[in-house]
Amino acid sequence: MRLVVTGGAGFIGANFVRTVVREYPSARVTVLDSMTYAANRASLTDLLDGAGLATAGLVELVEADCADAAVTERLVAELTGPDDAVVHFAAESHNDNSLATPWPFVHSNIVGTYTVLEACRRHDVRLHHVSTDEVYGDLELDEEAKFTPATAYNPSSPYSATKAGADMLVRAWVRSFGVRATISNCSNNYGPYQHVEKFIPRQITNILDGRRPRLYGSGANVRDWIHVDDHNSAVLRILADGELGRTYLIGADGEQSNLQVMQTICELMGVAGADGDPGFDHVTDRPGHDLRYAIDASATREELGWEPRHTDLRAGLQQTIDWYTANRDWWEPVKDRVEARYASTEKVL
Ligand code: NAD
Ligand code: TDX
């Protein structure tokens with residue numbers, strides 16, 4: 001099996017590459033990544049430089065923009081085997097950045113996906129497109145409903161709007177040109193190698209660095225958390241047995257308010273407050289902040305026999321805290337810059 005993994009030096013993509021190398025030792029993986037601020041070569045170093053390891057020569061990194069048609073086309077053209085595929089993770093992924101600077105999101109998420117689709121069309125290569133539950137907009141805090149594949153698209157932010165646009169391109173390329181593609185829309189991921197701009201690693205590394213954790217607004221917003229390895233095991237099931245043209249929802253029934261997650265992190269890290277101090281700061285809320293996401297993944301579970309393995313969020317958070325504690329070299333070089341950026345807009349309430 002040969003895979004081109006776009007965005008494979010980012011959080012989910014790097015975890016995906018690591019899983020593939022573990023589970024398919026003879027697979028050849030080409031990571032196509034433009035190495036934006038969100039990428040980290042160190043997430044793959046052992047695989048790329050692993051002379052003497054089983055992976056030596058099997059994982060390569062091509063530093064290029066997936067919207068660069070010449071490079072993307074060249075790599076996709078090499079995928080000629082029956083199990084070969086492109087797994088398309090590359091995207092600008094952070095909502096807060098999309099509110100400040102939307103253009104890179106239009107470029108990577110829409111033009112990048114268009115370019116990948118055109119290459120797969122020309123060379124008749126199987127594609128899996130990785131998307132998000134945010135394309136569906138948000139749910140009320142008190143309603144029973146969850147997102148299903150039939151939920152209408154209603155994105156709120158420049159990030160989710162560009163991911164929705166990308167999904168629509170994939171659907172159109174399947175229908176109009178017969179591209180052999182599947183789509184997955186997953187809920188919020190957590191785990192190792194996640195950039196410290198994101199909610200969970202930001203709080204963990206703030207505490208490790210002696211800074212106060214930061215909760216947007218009241219913290220009532222609900223996210224449906226899934227461990228990154230469970231997301232990736234679902235992607236591998238879809239690649240193996242997914243029906244072409246289908247959209248699969250991926251989630252692990254991990255709904256929690258941001259306040260609950262924050263309190264668990266503070267408690268696990270021993271900074272639960274005293275004397276009325278909760279141990280963290282409430283700060284300026286995100287504009288247009290989606291209230292609640294929740295995924296109904298029953299079709300994916302029933303049709304593909306997929307099950308998440310990390311269903312205890314508290315245990316998953318402890319494991320994630322342990323990883324950031326043991327891997328300071330991975331995150332420390334970018335931490336100050338991320339916090340300086342937040343400090344320019346964030347006010348303690
Ligand atoms: P990330 O920001 O950590 O990584 C994205 C990677 O894509 C980076 O390595 C970056 O350099 C690369 N990239 C960006 N633009 C590129 C371009 N034009 N060409 C080549 N490479 C480019 O993001 P992530 O959290 O790992 O998300 C990966 C995918 O999963 C995204 O498509 C995202 O929308 C989707 N997703 C993320 C989550 C989540 O909770 N993080 C949930 C559901 C879906
Ligand atoms: O410091 C913070 N404090 C805080 O309260 C940060 C960074 C975030 N938050 C809140 C905002 C959200 O309600 O935490 C929640 C999670 O925030 P993010 O980690 O920024 O994720 P979110 O905006 O929910 O989007 C994530 O999940 C869906 C990913 O970044 C997307 O790429 C994915 O599509």
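Start with the shell around ligand 2: its residues divide into six nonpolar, eight polar and seven charged. Here Ala, Val, Leu, Ile, Met, Phe, Trp, Tyr, Cys and Pro count as nonpolar, Asp, Glu, Lys and Arg as charged, and the others, Gly among them, as polar. This is a predicted model: local features need pLDDT of at least 70, side-chain atom pairs pLDDT 80 or more, while totals for chains, interfaces and linings use all residues. Residues are numbered from 1 along each chain as its sequence is written, chains are lettered from A and ligands numbered from 1 in written order, and side-chain values use heavy atoms, without hydrogens or water.

Select the 21 residues that surround ligand 2 (a heavy atom within 4 Å). The closest are Thr132, Glu134, Tyr159, Arg286 and His289.

Next, show polar contacts (N or O pairs within 3.5 Å). Polar side-chain atoms lie 2.5 Å from a ligand 2 oxygen for Tyr159, 2.6 Å for Arg286 and 2.7 Å for Thr132. The protein covers 94% of the 650 Å² of accessible area that ligand 2 has on its own (Shrake-Rupley method, 1.4 Å probe).

Colour helix H7 (199-208) and strand S8 (214-216): each supplies at least two shell residues. Both are DSSP runs, numbered from the N terminus (helices H or I, at least four residues; strands E, at least two).

Now go to Asp96, Asn97, Arg341, Tyr342 and Thr345. Of the 24 residues lining the second largest pocket, these lie nearest its centre. A pocket is an open set of points on a 1 Å grid where a 1.4 Å probe fits, with protein on both sides within 12 Å along at least five of seven lines; lining residues have an atom within 4 Å of a point.

Finish with helix H4 (95-100), helix H5 (103-123) and helix H12 (328-343), each supplying at least two lining residues.

Key. Polar contact = N/O pair within 3.5 Å; in protein donor to acceptor, adjacent residues only side chain to side chain.
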